[in-house]
Amino acid sequence: MAMLDPRSLTLIVTGATSGIGAATVRRFASAGARVVAVGRRAERLDELKAEFGDLILPLVLDVRDEKATFEAFSGLPAPFDGYNIVFANAGLAMGLDPAHSASLDDWRTMVETNISGMLYTVRATLPAMVERKEGHVVFTGSIAGDYSYPGANVYGATKAFVKQFSLNIWADLAGSGVRVTNIEPGLTETEFSVVRFAGDKGRADSVYSGTEPMTGEDIAEQVFFACTAPRHVNINRIQSMASQQGFGPLALKRNPA
Ligand code: NDP
Ligand code: 8X3
């Protein structure tokens, strides 16, 4: 199949300062695409700008801020205002405690970022792509949106929301010229676990020790494939795991106290 020319693509990438988002910015910009790189850490965005020059528009934004998000995306300068891909990737997990002792503040932050921030990003950008009859909304879901594991309580639920929202907006958008894809990775070594464990690098490293996790670059390649597929093809979902990752058995708690 004839893939799209990446030089015809202009992306908005949230969560561009690290991990999957940063790797995606680099994958597309290396191929000649323009990217609005969004995140809170300005210095990381400046590094991308230094690497790729005019192909990058750094945009410092907290996606939880509804007003700022709508203002930022409606006020993009040319040629970035002609974006035809929105990668709603910014997100995080906080903690791994069971539901009865998990931090309510952590739950709130995950919901505000992974659900509300994602919704603001999509709602602020979708009308322009529908009007242009050309676009693509790509999400970073997770295997945690499909499979349960202890401590994933709210994080996994936010990713289940992302998965269903992705399928539901595809139901709205099929035939409009705007495509929708949910990228659903498993174990991927980024800053994800450092954030989940509140900066405890040792605990974060132990998640990956003895394994070969996927990398941000591995996931960026999946985004690139979905976005450069010919316009008559919609990749609904891509779910991937590290080759060493599998499924746990269903738990059976015998003789509980
Ligand atoms: P990282 O921690 O490396 O990157 C997370 C990115 O999200 C950062 O760029 C961060 O930027 C941004 N971000 C977080 N909160 C906000 C906010 N309020 N406003 C704007 N940007 C924000 O982790 P990953 O690259 O792994 O995570 C990217 C996505 O992938 C997340 O949605 C995550 O849930 C998902 N995912 C990760 C997996 C993994 O194993 N790593 C597997 C499956 C899904 P900054 O702090 O500068 O604002
Ligand atoms: C991140 C993957 O398995 O840590 O979404 O939840 S997992």
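1. Met 1 lies in the segment that precedes β1 (10-14); helices (H or I, at least four residues) and strands (E, at least two) are DSSP runs numbered from the N terminus. With a relative accessibility of 64%, Met 1 counts as exposed, where exposed means over 50% relative accessible area, buried under 20%, and partly exposed in between (1.4 Å probe, protein chains only). Met 1, Met 3 and Phe 225 make a nonpolar surface patch of about 310 Å². Patches take residues with over 30% relative accessible area and no salt bridge, joining like charges within 9 Å and nonpolar side chains (Val, Leu, Ile, Met, Phe, Trp, Tyr) within 5 Å.

2. The model is predicted: local features need pLDDT of at least 70, side-chain atom pairs count only at pLDDT 80 or more, and totals for chains, interfaces and linings use all residues. Residues are numbered from 1 along each chain as its sequence is written, chains are lettered from A and ligands numbered from 1 in the order in which they are written, and side-chain values use heavy atoms, with hydrogens and water left out.

3. Ligand 1 is surrounded by 29 residues, the closest being Thr 17, Ser 18, Arg 40, Tyr 155 and Thr 190; a residue belongs here if one of its heavy atoms lies within 4 Å. Oxygen atoms of ligand 1 lie 2.6 Å from a polar side-chain atom of Thr 17, 2.6 Å from a side-chain N or O atom of Arg 40 and 2.9 Å from a polar backbone atom of Asn 89. Taken alone, ligand 1 exposes 880 Å², of which the protein buries 96% (Shrake-Rupley method, 1.4 Å probe). Two or more residues of the shell come from each of α1 (19-30), α5 (153-173) and α6 (192-196).

4. The count of salt bridges comes to 13, each being a side-chain nitrogen of Lys or Arg within 4 Å of a carboxyl oxygen of Asp or Glu. Arg 44 and Glu 191 form one at 3.0 Å, N to O. Arg 44 is in helix α2 (residues 42-52) and Glu 191 in the loop between β7 (188-189) and α6, so the pair ties together parts 147 residues apart in sequence.

5. Glu 134 and Arg 231 meet in a salt bridge at 2.6 Å, N to O. Glu 134 is partly exposed at 28% relative accessibility, and Arg 231 is partly exposed at 36%.

6. Asp 205 and Lys 201 meet in a salt bridge at 2.8 Å, N to O. Both lie in helix α7 (residues 201-208), four residues apart, about one turn of the helix.

Notes
Polar contact = N/O pair within 3.5 Å; in protein donor to acceptor, adjacent residues only side chain to side chain.
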